[in-house]
Amino acid sequence: MPNVPLTRRGVLLVLSSPSGAGKTTLAKRLLQEEAEEIRMSVSVTTRAPRPGEVDGKDYRFVSKTEFQRMREGGALLEWAEVFDNFYGTERAQVEDFVNSGHDVLFDIDWQGARQLAETMPHDLVRVFILPPSGGALEQRLTSRNMDSPEVVARRMAKAADEISHWPEYDYVIVNHDVDESYAELKAVVTAERLRRERQVGLSALVREIESEL
Ligand SMILES: Nc1nc2c(ncn2[C@@H]2O[C@H](COP(=O)(O)OP(=O)(O)O)[C@@H](O)[C@H]2O)c(=O)[nH]1
Ligand SMILES: [Mg+2]
């Protein structure tokens with residue numbers, strides 16, 4: 001009987017979208033359903049926590065001084081400035097997840113996706129979530145009711161900028177319906193896990209199969 005452990009190289013899955021397109025909902029659901037296989041990259045940020053956000057779970061909230069220290073010390077795999085706040089991905093966290101055989105999910109913007117494409121092109125899978133329309137996006141941003149009208153207006157302006165980067169992604173999901181979009185996201189993850197070059201245990205399995213023929 002072939003008894004080769006089928007190890008595979010984890011996928012670095014980047015989900016980007018304009019604020020309010022449904023990315024966080026899709027990410028949370030994927031993490032819940034795939035809790036064994038996927039880990040969330042919890043970013044560090046200098047922005048203030050929103051009501052309900054938990055330090056260490058939604059973000060690791062740090063001061064600007066601390067962020068700068070991390071950036072200068074090379075602790076960040078990528079970082080970006082968004083709305084006068086800094087956001088970044090801790091290198092050590094990602095390495096731990098990958099080394100323990102997990103896929104890693106990133107909720108980061110186009111600037112982060114671009115940096116990861118330079119440093120880890122073979123592991124990266126980029127998915128962009130589009131809203132079905134501009135009106136739908138505005139409605140989601142307003143009804144969320146967590147931000148002041150000024151902040152909502154700024155986020156709408158920023159949305160146009162974020163959307164302009166859609167051609168830099170490998171997959172695009174138009175979020176008409178969250179269940180449908182989720183099924184599409186799962187299909188992407190399943191297919192990407194099956195890519196030959198990620199299935200690093202395959203040659204050993206094939207050798208064993210061949211030896212039995
Ligand atoms: N490059 C980069 N972008 C990030 C990181 N963490 C969060 N972001 C992005 O920063 C933007 C603002 O995030 P946030 O303040 O949580 O507001 P949101 O737009 O409602 O999700 C979103 O596009 C996030 O995807 C990070 O570590 N790196
Ligand atoms: Mg978000």
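**The surroundings of ligand 1**

Guide: A polar side-chain atom of Arg-47 lies 2.6 Å from an oxygen atom of ligand 1, a polar contact being a pair of N or O atoms within 3.5 Å. The model is a predicted one, in which local features need pLDDT of at least 70 and side-chain atom pairs count only at pLDDT 80 or more, while totals for chains, interfaces and linings use all residues. Residues are numbered from 1 along each chain as its sequence is written, chains are lettered from A and ligands numbered from 1 in the order in which they are written, and side-chain values use heavy atoms, with hydrogens and water left out.

In the side chain of Ser-43, an N or O atom is 2.7 Å from an oxygen atom of ligand 1. For Arg-50, a polar side-chain atom lies 2.9 Å from a ligand oxygen atom. Of the 560 Å² of accessible area that ligand 1 has on its own, the protein covers 96% (Shrake-Rupley method, 1.4 Å probe).

Ligand 1 is surrounded by 17 residues, the closest being Ser-43, Arg-47, Tyr-59, Glu-78 and Tyr-87; a residue counts if one of its heavy atoms lies within 4 Å. By class, this shell has 8 charged residues (Asp, Glu, Lys and Arg), 5 polar and 4 nonpolar. Nonpolar here covers Ala, Val, Leu, Ile, Met, Phe, Trp, Tyr, Cys and Pro, and the others, Gly among them, are polar. The largest share of the shell, 3 residues, comes from strand 6; strands are DSSP runs of E, at least two residues, numbered from the N terminus.

Terms used:
A polar contact is a pair of N or O atoms within 3.5 Å; within protein, one must be able to donate a hydrogen and the other to accept it, and residues adjacent in sequence count only if both atoms are side-chain atoms. Helices (H or I, at least four residues) and strands (E, at least two) are DSSP runs, numbered from the N terminus.
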